[in-house]
Amino acid sequence: TILEAATVLNEITHELPAGTEKAHRVRQIEHNGDEITRQVYEQLNESLITPLEPEEIARLAPVLDDVLDRIDRVTHQIANYGLTEPGDVLREFSYLIVLAATEIQHAIAGLAEPGKPAGVKVHAAEINRLYNLSIELQSRAVLDLFRTKDLLLIIKLKDIYEGMGTVMEKCNDAGHALNDISMSHR
């Protein structure tokens, strides 16, 4: 679900201004994610047997939900601010988000193999590397932004860049949680 939302965000950043019509799709995906989270908690209250402890699932669910919530938020910032053209920074940021979402998906699949934390660790490390790249991108982008003269555009893009940076921060948090859980099953 996170990867699906990240992919739509990436499409939007490549298709501005028309791409903002897809923002409603991200909202639908986010609501679907909320429903999945609700079902996870509901099933944790039953006698569900999983390779993970209920506390681990309870820790992971909100972290993943945070990623999806932040993707939804930044998507709607882009749509609401009425950006007229895609920029390289937006495209690069959205691509980093897609890559991080893909790594989260692979790490979650790796949790299905208890006793083999190395696979999850590799994906968590890649998420962290992508997060570090996003920090550098955000720093460069904000510096470049302040060289422009359009104050309204500066405010809009700075807010969006910060929102995308927060998405990457939440992805990194998910990577840490996934790695911690997998390490407890060595």
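Me: At what angle do α2 and α3 pack?
Reply: This is a predicted model. In it, the axes of α2 and α3 are 9 Å apart. The angle between the two helices is about 165°.

Me: Are α2 and α3 roughly parallel or roughly antiparallel to each other?
Reply: Take the packing angle of about 165°. Angles over 145 degrees count as roughly antiparallel. Therefore α2 and α3 are roughly antiparallel.

Me: Is the crossing of α2 and α3 left-handed or right-handed, and how many charged residues does the contact have?
Reply: The crossing of α2 and α3 is left-handed. The residues of this contact include 14 nonpolar and 4 polar ones. The number of charged residues is 6.

Me: Where does D72 lie, and is D72 buried or exposed?
Reply: D72 is part of helix α3. Its relative accessible area is 7%. Buried means under 20%, so D72 is buried.

Me: Which residues does D72 touch, not counting residues up to four places away in sequence?
Reply: Set aside the residues up to four places away in sequence.

Me: How many Å apart in space are R25 and D72?
Reply: R25 sits in helix α2, and D72 sits in helix α3. In sequence, 47 residues separate R25 and D72. In space, C-alpha to C-alpha, the separation is 9.4 Å.

Me: Is R25 buried or partly exposed?
Reply: R25 touches E4 and V8, leaving out residues up to four places away in sequence. Its relative accessible area is 32%. That value lies between the 20% and 50% cut-offs, so R25 is partly exposed.

Me: How do α1 and α3 lie, roughly parallel or roughly antiparallel?
Reply: The axes of α1 and α3 come within 10 Å and cross at roughly 20°. Angles under 35 degrees count as roughly parallel. So α1 and α3 are roughly parallel.

Me: Which residues of α3 meet α1?
Reply: The crossing of α1 and α3 is left-handed. From α1 come I2, A5, A6, L9, I12 and T13. Their partners in α3 are L64, V67, L68, I71, V74, T75 and I78.

Me: How many nonpolar residues does the contact of α1 with α3 have?
Reply: Sort the contact by class. It has no charged residues and 2 polar ones. The nonpolar count is 11.

Me: Which bond joins L16 and P17?
Reply: P17 lies in the loop between α1 and α2. Look at the bond from L16 to P17: omega is about 0°. This is a cis peptide bond.

Me: Are α4 and α6 roughly parallel or roughly antiparallel?
Reply: The axes of α4 and α6 are 10 Å apart, and the angle is about 15°. The crossing is left-handed. Angles under 35 degrees count as roughly parallel, so α4 and α6 are roughly parallel.

Me: How many charged residues are in the contact of α4 with α6?
Reply: L90, F93 and I97 are among the α4 residues that meet α6, and Y161, M164 and M168 are among those in α6 that meet α4. The contact has 18 nonpolar and 2 polar residues. The number of charged residues is none.

Me: Is A100 buried or exposed?
Reply: A100 lies in helix α4. Beyond its neighbours within four places in sequence, A100 is in contact with I127, L130, M168 and C171. Its relative accessible area is 0%, so A100 is buried.

Me: Which residues is N172 in contact with, leaving aside its neighbours within four places in sequence?
Reply: N172 lies in helix α6. It is buried, with a relative accessible area of 7%. Its contacts are I127, N128 and Y131.

Methods. Residues numbered from 1 in each chain as written. Predicted model: local features only at pLDDT ≥ 70, side-chain atom pairs only at ≥ 80, totals over all residues. Heavy atoms only, no water. Axes fitted to C-alpha atoms, helices over the stretch in contact; angles between N-to-C directions. Helix = DSSP H or I, 4+ residues; strand = E, 2+ residues; numbered from the N terminus. Parallel < 35°, antiparallel > 145°, perpendicular 65-115°, else oblique. Left-handed = near helix turned anticlockwise from the far one by under 90°. Contact = heavy atoms within 4.5 Å. Nonpolar A, V, L, I, M, F, W, Y, C, P; charged D, E, K, R; others polar. Buried < 20%, exposed > 50% of the residue type's maximum accessible area, 1.4 Å probe, protein only.
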